[in-house]
Amino acid sequence: MRERAVNQRDMAAGIVFMAFGVFGLVLSRELEVGSIERMGPGYFPNLISILLLVVGIVVGVQSLWSRRSKIAWGTPRPLITVVGGVLAFGGLTELAGFAVASLVLLGLVYLSAWKFRFLEFVILYLIIFGGSYLIFVKILSMPLRLFGGF
């Protein structure tokens with residue numbers, strides 16, 4: 001009898017989806033769900049969490065029949081710089097403002113690449129910052145400070 005191979009990438013993705021689904025259900029357990037006609041504050045979080053669970057189960061089960069694939073871990077540099085960038089953005093948004101926090105986020109994320117292209121970085125920053133400013137400040141009227149004390 002042939003030994004069944006598991007696609008480790010798909011199984012890991014399924015586990016992550018299920019973990020986020022369970023996490024969302026735990027966080028929203030005290031919110032009132034309501035009904036489809038009168039949705040409560042917990043309706044959408046519960047719906048998304050259940051969908052994440054279902055997707056996780058489907059991907060996990062599918063990993064049992066797909067081609068075998070191992071997880072190639074590689075270097076931790078991209079993980080560290082991306083997580084560091086997101087944490088820095090969260091910490092700097094109030095202190096230094098949205099423009100500086102966005103610049104630091106993009107700079108740290110760019111460190112995960114082996115080649116740093118300055119012109120590409122500047123153009124991407126202008127597009128991301130300009131688009132975010134347009135959407136969040138102008139269209140949605142969110143009170144974001146662009147710079148520290150302003």
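Biologist: How many aromatic pairs does a search of the whole structure find?

Modeller: In this predicted model, the search finds 5 aromatic pairs.

Biologist: Take Tyr110 and Phe121: what makes the pair edge-to-face?

Modeller: Happy to show you! The ring centres of Tyr110 and Phe121 are 5.3 Å apart, and pairing asks for centres within 6.5 Å. Their planes stand at 80°, and over 60 degrees counts as edge-to-face, so that is the name this pair gets.

Biologist: Which parts does the pair tie together?

Modeller: Tyr110 lies in helix H4 (residues 98–110) and Phe121 in helix H5, so the pair links parts that are 11 residues apart in sequence. Tyr110 and Phe121 are both buried.

Biologist: Which residues form one aromatic cluster?

Modeller: That cluster consists of Phe89, Phe98, Tyr125, Phe129 and Tyr133.

Biologist: Now to charges. Why is the contact of Glu120 with Arg117 called a salt bridge?

Modeller: The closest N and O atoms of Glu120 and Arg117 are 3.9 Å apart. The cut-off is within 4 Å, so the contact qualifies. By this rule the count comes to 1 salt bridge.

Biologist: And why does Glu120 count as partly exposed?

Modeller: Its relative accessibility is 39%. Buried would be under 20% and exposed over 50%, so Glu120 falls in between. Arg117, at 44%, is partly exposed by that reasoning too.

Note on methods:
Residues are numbered from 1 along each chain as its sequence is written. This is a predicted model: local features need pLDDT of at least 70, side-chain atom pairs count only at pLDDT 80 or more; totals for chains, interfaces and linings use all residues. Side-chain values use heavy atoms; hydrogens and water are left out. A salt bridge is a side-chain nitrogen of Lys or Arg within 4 Å of a carboxyl oxygen of Asp or Glu. Buried means under 20% relative accessible area, exposed over 50%, partly exposed in between (1.4 Å probe, protein chains only). Rings of Phe, Tyr and Trp (its six-membered ring) pair if their centres lie within 6.5 Å; planes under 30 degrees apart count as stacked, over 60 as edge-to-face and the rest as tilted. Helices (H or I, at least four residues) and strands (E, at least two) are DSSP runs, numbered from the N terminus.
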